[in-house]
Amino acid sequence: MMITVLGYGSLLSQRSALETVPSLTGFRRVRVPGYRRIFNKVGVVFFSRHGADPASLEIASCSTQAMPGSEIICSAFEVPEADFPALYEREHRFRWIEAEALDETGSRCRGRICTGSNDMDYRLNKCVTPEEYHRRVGQYYGGSLWRDDILPYRRYLAFCLEAAASQGQAVLDNFMDSSFLADGHTSIREYLSALEPALQWQDGTSDYSYRAR
């Protein structure tokens, strides 16, 4: 059995998706109506593998949020059912849901996509014991995972922008205009235009990798 996955952040990059699921097939572009991106989840991997400072506000990774009238351009790909747990582990802090997507011909399909959760649900339903929570989160970071005051981790944001741009200007524009800071109001386009120093991502040399240590 194959499972369709919808990627909206780092999984817009086929290279990044292949790092986790080398067996994936059918990598393509789709539209997912009724959702926006929002950088409101603390990226624990930024501490455990990339040396981020837990005291910084620039520690956010990207989630999705239901938003009528919005639409995000995503990747879609199939993975064997036996290999899906690797993606589940990679995206352990998220809640997986099923969403409807439209391919470039307008045909409809359904796929699994990560979306927002909250700290209580994560502790109760994804981490069986306090020891497991400490192993997954607490040894690296002691605050709330879902916050409205954080900003994107720069290397991760640069990689997401590169991944979007690699699929064309329309995908990049969609990423900038349908993605928001944790405050829920400031678009990534607005954020980048005011960011000092400016984020250098257009040269395609981002060194971000999910597996980097």
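Me: Two strands pair if DSSP finds at least two bridges between them. In which sense do strand 3 and strand 6 pair in this predicted model?
Reply: Strand 6 covers residues 151–152. Two bridges join strand 6 to strand 3, so the pair meets the cut-off of at least two bridges. At one position Glu58 stands opposite Leu151 of strand 6. The sense of this pairing is parallel.

Me: How many bridges join strand 2 to strand 3?
Reply: Strand 2 spans residues 25–42 and runs antiparallel to strand 3. Arg36 stands opposite Gln65 of strand 3. The number of bridges joining strand 2 to strand 3 is 13.

Me: Which residue in strand 3 stands opposite Ile3?
Reply: Strand 1 holds residues 2–7, and strand 3 holds residues 58–80. These two strands pair in the antiparallel sense over six bridges. The residue of strand 3 opposite Ile3 is Val79.

Me: What radius of gyration does the chain have, against that of a compact globule?
Reply: The chain has 213 residues, and a compact globule with that number would have a radius of gyration near 17 Å. The C-alpha atoms fill a box of roughly 45 × 45 × 35 Å along the principal axes. The value for the chain agrees with the globule: 16 Å.

Me: What percentage of the residues in the chain is buried?
Reply: A residue counts as buried when its relative accessible area is under 20%. The chain exposes about 9,800 Å², and carbon and sulfur atoms supply 50% of that area. Of the 213 residues, the buried share is 53%.

Note on methods. Residues numbered from 1 in each chain as written. Predicted model: local features only at pLDDT ≥ 70, side-chain atom pairs only at ≥ 80, totals over all residues. Heavy atoms only, no water. Rg over C-alpha atoms; globule rule 2.2 N^0.38 Å. Buried < 20%, exposed > 50% of the residue type's maximum accessible area, 1.4 Å probe, protein only. Areas by Shrake-Rupley, 256 points an atom, 1.4 Å probe, with all protein chains shown as cover. Helix = DSSP H or I, 4+ residues; strand = E, 2+ residues; numbered from the N terminus.
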